[in-house]
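Subject: Structure handover

Hello,

Here is the structure I promised to pass on. Please open it and keep it in view while you read.

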Amino acid sequence: MDVITFRYLISLVVSEKLNMQLMDVVTAYLYGDLDTEIYMKVPEGLKLPESSSSRPRNTFSIKLRRSLYGLKQSGRMWYNRLSEYLIGLGYVNNDLCPCVFIKKSTSGYAIIAVYVDDMNLIGTSKELIETAEILKKEFEMKDLGKTRYCLGLQIEHRKDGILVHQSNYTQKVLRRFSHHDVKSSPTPMIVRTLDINKDPFRPKGDDEEILSPECSYLGAIGALLYLAQCTRPDISFAVNCLARHSIAPTRRHWNGIKDIFRYLKGTTDMGLFYPYASSSGSTPLGTRNNATLVGYADAGYLSDPHKGRSQSGYVFTIGNTTISWRSRKQTLVATSTNHSELIALYEATRECVWLQAFIGHIRSTCELSHDPDEPIVIYEDNTAVIDQAKHGYIKGDATKHISPKLFFTHQQQEHQKIEVKHIGSESNHADLFTKSLPKYSFQKHVKAIGLRKLSELP
């Protein structure tokens, strides 16, 4: 189970008002049956038969019948053992999400989301009790109650929704790099200048020195990447820009890291808030249904002017809270704004196709309301790109160099899997992942994709 799957399941819990509990398998890897012959040296303390006492101890070996911690294949053997048991009991598995097992009954359903030896049980009350008993019957389990901590994420169950955050981890990172008592900042990065020679995110110059080993640049990038990928999409673009210089960081790049730390200092308890639907059942005007997937795509042309590369960004939300996002430098050299936007829309469409199939599998298996023929809306702020995505690949002087594969979006629109719609640049939340923004715009997009502070929740 990856973190995108976990975030979607959190959104499913709030949209369908389900129960959620965490169980842990004791010594999970020891349950796996080996599919190959593996021998190991006789460990210290194990007595050999008396008839073998005349031979040196190092001439003996032991054949393993079960997997052990430390074997490369132990994780796979444990998964095979678990999946064989659950599928035999009627649970459904799918290649789209191989670590998610679902069982539907006449009165409800249960979903088991597996991450190594941690199991999140999600579903209706009766089915969760039965599922827990089934697991305890076959494996030694620890019942940890309502899920409050999983995959390093903290889950706060509030009366009006669920907040997923990493405040404890953020505080540890700030203390590790001695930024726990610094002055906070409203944004994670300064607004960049158009003068590439003054750009603080430019590569190391010939007259600059590489950062000394005392400043653990790689350690800081690694710590921030974990935050950016799990619960803090607001720092994704800043971290992506700084991660490019991991080979030769300078004091200037370290100052960029410190800017992120100062921003985190003021937003330590910020996370993704998934609100329950209103008790009246009505949806406020201008907002989407709690179970509706919506996407936003954008590109930052020549975001890295020193390498001639642009930036792709996309974000997908359910109930106005994000479940998937990405900010990455494009691998192709875009020749125009139009070209870069096509690349960004193509990457967003690929993610959308998987999300649509994955969500459709879960909802249809659980027999939840789901219209497989309803296209997913992806918002884009470039009208020319929207027109190209609608009409497909037209070879001409302006487009003959663009790869036809980038018109995958057109194919998906023809099959009515997605629908690309126009949105104003000021309302495109994917802007957060492609460019440095001033304080007002940044905070507006942060709030729009569902980020909230724990201290501000009722």
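This is a predicted model: local features need pLDDT of at least 70, side-chain atom pairs count only at pLDDT 80 or more; totals for chains, interfaces and linings use all residues.

Below is what was found, one region at a time.

The mean pLDDT of the chain is 92. Of its residues, 97% reach 70 or more. One stretch needs care: over residues 279–288, pLDDT stays under 50. For that stretch the model has seven contacts beyond four places in sequence.

**The six-stranded sheet**

Start with the open sheet of six strands. Its order is E4-E5-E6-E7-E1-E8, and the pairing is antiparallel. Which strands sit at its edges? They are E4 (92–94) and E8 (141–146), and each pairs on one side only. On average, neighbouring strands here are turned by 25° against each other, direction ignored.

Now look at one pair inside this sheet. E1 (residues 19–25) and E7 (residues 118–123) run antiparallel, joined by six bridges.

Helix H1 (residues 3–16) touches E1, E5 (97–104), E6 (109–115) and E7. The direction of H1 makes about 155° with that of E6. Helix H2 (residues 74–88) touches E1, E4, E5, E6 and E7. The direction of H2 makes about 20° with that of E5.

**Two hairpins in a row**

Tyr149 stands opposite Gln154 in E10. The hairpin of E9 and E10 has two residues between the strands. There, Leu151 takes a positive phi near 55°.

E10 also pairs with E11 (residues 161–165), in the antiparallel sense and over five bridges. Here the bridge partner of Glu156 is Leu163 in E11. A hairpin joins E10 to E11, through two residues.

**Two helices in contact**

Two packed helices are described by the angle between their axes and the distance between the axes. Helix H4 (residues 167–176) and helix H7 (residues 251–266) pack at an angle of about 135°, with axes 10 Å apart. H4 and H7 are therefore oblique to each other. Their crossing is left-handed. Which residues make the contact? From H4 come Thr170, Val173 and Leu174. From H7 come Phe261, Leu264 and Lys265. By class, the contact has four nonpolar residues, one polar and one charged.

**The five-stranded sheet**

Another open sheet has five strands, in the order E15-E14-E13-E16-E17. Its pairing is mixed. E15 (321–329) and E17 (418–422) stand at the edges. Each has a single partner strand, so one side of each is left without a neighbour in the sheet. On average, neighbouring strands in this sheet are turned by 20° against each other, direction ignored.

Within it, E13 (residues 293–304) and E14 (residues 309–318) pair in the antiparallel sense over nine bridges. Ala299 stands opposite Ser312 in E14. Helix H6 (residues 236–243) packs on this sheet and touches E13, E14 and E15. The direction of H6 makes about 25° with that of E15.

One point to keep in mind as you look at strands: in a regular strand the side chains alternate between the two faces of the sheet.

Best wishes

Terms used
Residues are numbered from 1 along each chain as its sequence is written. Side-chain values use heavy atoms; hydrogens and water are left out. Axes are lines fitted to C-alpha atoms, for helices over the stretch in contact, and angles run from 0 to 180 degrees between N-to-C directions. Helices (H or I, at least four residues) and strands (E, at least two) are DSSP runs, numbered from the N terminus. Angles under 35 degrees count as roughly parallel, over 145 as roughly antiparallel, 65 to 115 as roughly perpendicular and the rest as oblique. A crossing is left-handed if the near helix is turned anticlockwise from the far one by less than a right angle, and right-handed if clockwise. Contact means heavy atoms within 4.5 Å. Ala, Val, Leu, Ile, Met, Phe, Trp, Tyr, Cys and Pro count as nonpolar, Asp, Glu, Lys and Arg as charged, and the others, Gly among them, as polar. Two strands pair if DSSP finds at least two bridges between them. pLDDT is the predictor's confidence in each residue, from 0 to 100.
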